[in-house]
Amino acid sequence: MSLIEELNSQYTELSFLNSAAALMAWDMRTYLPSKGNDMRAEALGYISTLAFKKRVSDELGSILEKLSEPETYNSLGDDEKAMVRVSAKAFKRARAIPPALYQKFTVLTVRSEKAWEKAKVENDFEGFAPYLEEIVSLSREMASLYGFAENPYDALLEGYEEGMTAKRLREIIEPLKKELVPFLKRLITEGKAPETELLKGKFSRKAQEKLSHKALKFIGYDFEAGRLDETVHPFTIGIGVGDVRVTTKYQPDEFTPSLFGSFHEGGHAIYEQGLPAHLKGTSLYEATSLGIHESQSRMMENIVGRSKEFLKFFYPHIQKAYPSNFKNVPLKKFYRSVNSVKPSLIRIEADEVTYNFHIMLRFELEEGLMKGDIQVEELPARWNEKMKEYLGIEPANFSDGVLQDIHWPSGMIGYFPSYMLGNLYAAQFYAKAKSDIKDLEGKIEKGDLKPLLHWLRENIHSQGRRYSPEELLKVVTEKELDPEYFIRYIKDKYSHIYSL
């Protein structure tokens with residue numbers, strides 16, 4: 001067996017452990033009985049720790065050391081070199097964390113998620129705070145072990161978006177603030193606001209589920225390689241090759257969260273379903289980054305799903321699902337209503353114009369927590385201050401404020417910026433797709449998303465993890481990340497909708 005085959009054998013075993021852990025996590029967030037949570041936390045912690053030990057084993061380290069020797073490395077093919085690069089970097093990062101600390105963190109976050117679910121329902125930040133304090137403490141400890149040049153936050157950010165730093169994020173945020181804060185004010189003060197009450201009503205769970213299935217099929221989700229389920233906080237999870245599952249949430253008085261949530265999670269899922277199967281069991285069989293992953297979901301949810309072209313095709317299906325609600329509502333009116341702009345408390349319900357402000361807020365709080373400038377007990381007040389600063393509104397309770405997201409309870413500090421980056425990547429990718437695919441919007445208007453899906457498969461999904469995020473963006477679009485694509489997209493779309 002060659003060294004590269006030995007490396008891939010190690011990653012194949014890792015993939016089996018990760019698949020078991022993913023299945024346990026999916027069950028925990030969907031159908032697990034509440035009394036089974038403690039046992040599941042221990043079991044998931046054990047399986048995850050086995051995988052962690054595999055990732056930091058001396059055997060894997062020895063293989064990577066030999067593969068990294070110049071003579072051996074230079075004899076490898078391009079994909080094999082990428083495998084070594086990605087594997088060596090992951091090994092070094094994982095090796096920085098002692099297995100006991102990793103297990104402690106994993107068990108803590110599983111219990112923390114359940115505590116958060118209860119705290120959110122009961123509006124009890126004080127009851128949840130001890131979990132978050134421990135998560136922040138352990139995250140600081142891990143950041144120190146990972147190492148960083150300037151900012152401890154960079155050490156955590158690297159785990160989600162390779163090469164990104166807090167300094168670079170601020171450079172990206174600056175033009176977004178400069179252009180979109182005044183644009184938002186113009187929309188609110190000068191624009192003709194859409195009517196949104198028509199989206200409220202009674203919507204059966206069965207009808208919502210059926211419509212979500214249709215939406216997923218139209219964007220290319222393969223139900224023979226996945227399934228749709230209900231959960232408290234929607235997510236997508238890859239169990240393994242041929243098994244990528246999506247979830248959504250149904251609300252009785254509004255159907256758009258489940259529908260566009262399905263578009264969103266479907267975007268994530270078709271990325272996972274499109275990963276190069278011939279690279280399974282290697283370090284390249286995964287997404288480039290969380291930001292690139294998010295670009296696929298935001299593209300399907302917003303750039304496609306909320307576009308006038310796609311809705312011209314899909315709206316009749318919505319009318320058929322809810323005839324008493326939309327039979328006499330014109331397409332133009334419906335299109336404007338699902339693209340209304342209004343500062344909101346809840347991130348996952350935020351419109352395209354204001355969404356990034358939610359991320360800027362969280363980025364600043366997370367960085368403050370990691371640097372020790374903000375303490376957990378200060379979070380509710382700091383949260384409200386920043387909501388007022390960015391969006392001009394404040395939550396009346398913790399559940400709609402500091403407790404609204406699952407990311408901190410899950411220990412995912414450093415994840416949030418990926419959402420903002422995903423919006424920017426999506427706009428830049430889509431602009432390139434439009435230039436490459438003749439009459440793309442005309443095809444979408446007819447319900448034909450296959451050309452776009454093919455373009456995404458060829459340019460993004462099939463690449464696996466061959467490139468870093470910025471490298472992939474440059475390979476595909478021939479340009480570095482430029483916020484101007486997103487700014488132009490937002491201004492063009494919403495100036496028209498709001499008659500500016």
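Trainee: Leaving aside neighbours within four places in sequence, which residues is H264 in contact with?

Mentor: H264 touches E294, S297, R298 and E301, where contact means heavy atoms within 4.5 Å. This is a predicted model, in which local features need pLDDT of at least 70, side-chain atom pairs count only at pLDDT 80 or more, and totals for chains, interfaces and linings use all residues. Residues are numbered from 1 along each chain as its sequence is written, and side-chain values use heavy atoms, with hydrogens and water left out.

Trainee: Why is H264 called buried?

Mentor: Buried means under 20% relative accessible area, exposed over 50%, and partly exposed in between (1.4 Å probe, protein chains only). H264 has 10% relative accessibility, so H264 counts as buried.

Trainee: What makes helix 3 and helix 5 oblique to each other?

Mentor: Helix 3 (residues 58-67) and helix 5 (residues 78-95) pack at about 140°, with axes 10 Å apart. Angles under 35 degrees count as roughly parallel, over 145 as roughly antiparallel, 65 to 115 as roughly perpendicular, and the rest as oblique. The pair is therefore oblique. Helix 3 brings D58, L60, G61, L64 and L67 to the contact, and helix 5 brings V84, S87, A88, F91 and R95.

Trainee: Where does helix 13 kink?

Mentor: At F314, shortly before the proline P316, by about 45°. The bend at a residue is the angle between axes fitted to the seven residues ending there and the seven starting there. F314 is also one of the buried residues of helix 13, along with E309, F310, L311, Y315 and I318.

Key:
Helix = DSSP H or I, 4+ residues; strand = E, 2+ residues; numbered from the N terminus. Axes fitted to C-alpha atoms, helices over the stretch in contact; angles between N-to-C directions.
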